[in-house]
Amino acid sequence: MTVPAGRDTRTALRFQLLGPLRAWRGTAEVDLGPMQQRVVLAVLLLHADRPLSRDRLVDAVWGRAVPARATNLLQRHVSGLRRVLEPERPPRAPSGLLTWTEAGYLLTPGPGLLDVRDFDRLVGRAHAARGRGDAAVVADALHRALGLWHGRLCEGMASPFLDAERERLAQRRLDVLEERVEIDLALGDDLGMDLVGETRQLTDDHPLREGLHALHMLALHRAGRQAEALAAFGAARRLLREELGVEPGRRLRQVHARILAVDPGLDTAPPRRTPGRIVTPAQLPHAAAGFVGREEALDRLNVFLPAGPAPAGPSGTVVIWAIAGTAGVGKTALAVHWAHQVRDRFPDGQLYVNLRGFDPSDRAVRPDEAIRGFLDALGVPRERIPLDQDSRTGLYRSLLADRRVLILLDNAADADQVRRLLPGSPDCLCLVTSRNRLTGLMVTDAARPLGLGLMSRAEAEDLLSNRIGVGRVAAAPDAVADIVASCARLPLALAVVAAHAAAHPQLPLDVIAKELHTCGSALDLLDGGDDTTDVRKVFSWSCRGLSPQAARLFRLLGLHPGRDFGAAAVAGLAGLPPEGVRTLLAELTESHLLTRSGSGRWEFHDLLRSYAGELAHAHEPPPEREAAVRRLVDHSLHSAYRASLHLVPVRDDPITLTPARPPVTGERFDSHEAALSWFGEEIAALIAVQRLASAAGLDTQAWQLAWTLRPYLDRRGHWQDAETVYGRAVESARRAESLPGRAVSHGCLAIAYMRLSRYEDADTHIRHAADLYERLGDPLGQAHSHRMLAWLGDLRGEYEPALLHARLALDFFRTAGHRSGQARALNALGWFCSRLGRHQEALVHCRQALALHEEAGDGFAQADTWDSLGHVHQDLRRFDRAADCYGRALAIYREIGDRYNEADTLCALGDLRREEGDPAGAARAWRRALDLLEELGHHKATEIRARLAAQTESGPLERPAT
């Protein structure tokens with residue numbers, strides 16, 4: 001490993017995990033202390049730059065064998081590590097390397113100081129070079145990556161987490177080793193390596209890995225030893241038959257057939273995985289027409305852009321510009337304009353992301369989201385994008401290594417939002433815009449500051465001339481001077497005035513100037529109180545030109561908490577018919593007070609949103625503001641309720657809605673597809689409205705709205721959002737003193753925790769719900785609770801207790817006369833009987849369930865039952881019937897848009913194909929499942945990726961319980 005430039009090599013600690021755990025300060029090795037302390041350090045290093053809570057750290061170090069006073073032991077080990085890692089730091093001073101945060105312990109070793117990260121970075125560089133067809137760079141990067149290994153991960157150390165990571169990384173190393181041999185074969189004799197001897201040893205060490213056998217045959221063939229290559233195939237075939245009872249896979253058979261056919265293609269390149277074509281992105285927004293001025297800023301940007309083909313920072317560092325200034329000063333316009341001017345200097349592409357750092361909805365783009373978008377833009381297939389954030393960052397930077405790419409990071413909140421997105425290549429250039437100065441980025445990343453102030457008077461007049469015509473401006477110089485002064489030479493304010501003047505060519509400029517002088521007080525753009533950034537007069541004047549109905553709507557929209565909104569929600573907020581509200585929205589859009597997106601929704605500029613909110617509080621009496629919020633909440637609640645019933649027509653935990661106050665009626669939907677589409681557009685706004693309802697004291701509506709969101713959040717895998725929404729619902733129901741609301745909300749929160757694999761939390765909330773339903777004397781609620789306990793037992797692998805809860809659920813559903821619930825409980829009985837080996841009994845229960853579901857027309861429940869039947873038939877080795885059942889389940893899940901359960905059934909189908917002896921079919925099903933699970937960010941993706949990686953080596957495995 002190499003220490004990055006600028007780091008003090010005398011004090012920087014370098015860590016080795018790939019082999020025995022070791023650390024060096026400069027050239028001196030550091031004594032890391034007793035074994036248990038070393039285990040704690042290893043776990044923290046494997047979570048580097050990510051906080052780890054005490055509970056998770058205890059679980060990773062000791063697993064189920066937690067000692068007494070584990071927390072005290074952990075704190076003692078952490079204190080010992082701090083003394084070892086930073087011996088010169090005063091005892092009471094906070095540690096800079098190992099710190100405690102609100103989220104847990106945080107270890108930050110720094111880039112280039114941890115071999116596991118270097119391994120991922122080099123492998124990412126190899127994949128990027130392979131996409132460019134640069135085989136020599138691929139070989140060099142893979143050789144260097146494998147050269148970091150000095151044994152098994154943390155050799156000689158034991159803990160549940162380390163044991164699991166050791167196995168995972170061993171498989172990853174073997175994958176990379178196979179890639180390295182493959183590329184070495186492609187380069188042929190240029191490397192002067194004994195690939196025959198190496199591949200023979202590898203097949204001896206890993207006899208069930210068919211890819212290695214294929215490479216060994218190729219190495220023999222290229223060495224002119226065709227007979228030995230064919231004999232190697234025979235030996236591999238006998239081994240697979242004797243050990244696993246299977247024939248060689250497609251790849252091994254193809255190599256054998258090509259050697260027999262004396263295929264000349266084998267003499268030039270081995271069979272290779274398709275890495276995915278790295279594309280040239282062109283993501284820059286269109287440059288604004290009529291850009292004027294900013295010559296000094298443009299000259300400064302050009303300083304580090306010489307005549308050569310790439311930027312050149314000092315000492316080969318990447319050039320980073322931090323463009324800062326007040327809101328509306330034109331930072332984005334300048335960055336986009338200049339980027340278009342120099343884009344030919346960056347032939348490998350331009351990347352752009354709006355980080356929304358100052359978005360009023362607090363929905364700023366996370367760095368890992370931005371990197372995922374960049375990887376998509378660079379053409380990286382989804383299956384090649386790592387789930388781990390550090391690995392994802394490493395792949396992103398590796399793809400940019402040795403490439404000339406311009407990256408524009410717009411509207412950054414702070415340096416932390418930006419750092420992961422910075423390229424490492426000195427051939428790249430990065431532009432960052434922000435309202436903050438980003439001092440931290442200048443200190444730690446050598447970013448060059450470019451402060452953007454107000455336009456000069458000449459530039460402001462040029463802007464007006466460009467927008468409304470040179471002749472009109474020249475004819476009224478005094479009025480133009482007044483307009484420029486009133487707009488404080490702020491580009492945003494000038495653009496609003498210019499748009500109004502252009503839309504009313506008959507209006508003299510001196511009338512506009514007079515209006516600006518008399519239409520109100522200043523709007524402070526930032527909390528800094530800079531009078532030169534005053535645009536309230538412009539906005540106030542713009543609003544005074546509106547019709548009274550549009551002006552009222554503009555004020556009320558300042559109360560809407562979402563980032564954007566549809567016409568129906570606006571109608572609900574304003575208490576107006578949708579047809580009339582569209583006319584008013586068009587008026588606001590024409591006045592540049594709203595923007596309509598490509599999806600047909602409307603949104604505010606954030607300053608306009610603030611101004612609208614101020615107007616609402618200044619001019620709308622409190623009862624009217626409260627009534628508007630109540631209308632919006634009622635509209636959202638009743639619309640979402642109807643949409644949710646299209647997704648799940650019959651629920652085990654039904655509620656009775658709080659009636660909406662007239663004139664609110666809510667939206668209606670004529671199909672499942674329409675409801676699903678509506679949720680997709682509105683979900684972010686609905687979550688924001690639920691938060692608003694809770695804050696406004698509308699607690700009953702808050703927990704009821706959360707209930708309506710569960711089918712969509714669960715079906716689309718938005719489980720982190722679900723945890724937040726249902727946690728808020730529990731509190732709202734408690735404040736509302738609603739026992740039914742508390743029971744329902746605890747149940748919803750439990751389901752979110754089950755999806756997040758937080759089983760103890762789920763158990764706690766299910767039992768809270770069960771107790772409340774018992775107090776209420778509600779048999780249907782008790783049935784629902786027992787069905788959830790059965791589900792939780794399934795996730796834990798505790799099938800006997802789960803079977804008991806399923807039977808109790810069935811009894812309660814029968815008491816309540818709930819036929820759909822009875823069918824679901826019967827399906828659960830069938831499932832658990834199957835898990836316990838009682839397959840014939842399972843078939844009876846599942847068939848009874850299916851008949852009831854078909855009678856009720858419950859598509860989702862039918863899919864669940866078909867999936868159960870598929871598992872039962874698979875256990876009975878009736879593979880054709882099982883495949884048919886899985887196919888029926890998949891068809892329904894796809895139709896209703898249930899991505900998680902579609903992925904779950906695809907996993908089972910892959911297991912079935914593997915049992916049938918069809919590894920290609922298994923791989924197809926698992927890959928489709930993996931795509932869905934990665935989109936959902938579900939932890940099961942790791943398990944499926946491991947199945948795909950192990951398939952060739954291990955052949956059919958025991959099918960894990962679903």
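Select helix α13, residues 367-377. Helices here are DSSP runs of H or I with at least four residues, strands are runs of E with at least two, and both are numbered from the N terminus. Eight of the eleven residues in α13 are buried (under 20% relative accessible area with a 1.4 Å probe, protein chains only). Among them are P367, I371, F374 and L375.

This is a predicted model: local features need pLDDT of at least 70, side-chain atom pairs count only at pLDDT 80 or more, and totals for chains, interfaces and linings use all residues. Residues are numbered from 1 along each chain as its sequence is written, and side-chain values use heavy atoms, with hydrogens and water left out.

Now show what covers the buried residues of α13: β7 (350-354), α14 (389-400), β8 (406-412), α15 (415-419) and α40 (919-936) are included. Then click G379, which follows α13 and has a positive phi, near 85°.

Next, select α12, residues 331-342. Its buried residues include L334, W338 and V342. They pack against α11 (295-301), β6 (319-324), β8, β9 (429-434) and β10 (448-451).

Last stop: the second largest cavity. A cavity is a set of points on a 1 Å grid over the protein atoms alone where a 1.4 Å probe fits but cannot get out; lining residues have an atom within 4 Å of a point. Select H560, A569, L632, H635, S636, W678, E682, A685, L686 and V689 to see the lining. Two elements, α27 (622-647) and α28 (672-695), each give two or more residues to this lining. α28 gives the most, with five.

Methods. Buried < 20%, exposed > 50% of the residue type's maximum accessible area, 1.4 Å probe, protein only. Contact = heavy atoms within 4.5 Å. Expected span 1.5 Å × (residues − 1). 1 Å grid on protein atoms, 1.4 Å probe; cavity = no way out; pocket = protein on both sides within 12 Å on 5 of 7 lines; lining within 4 Å.
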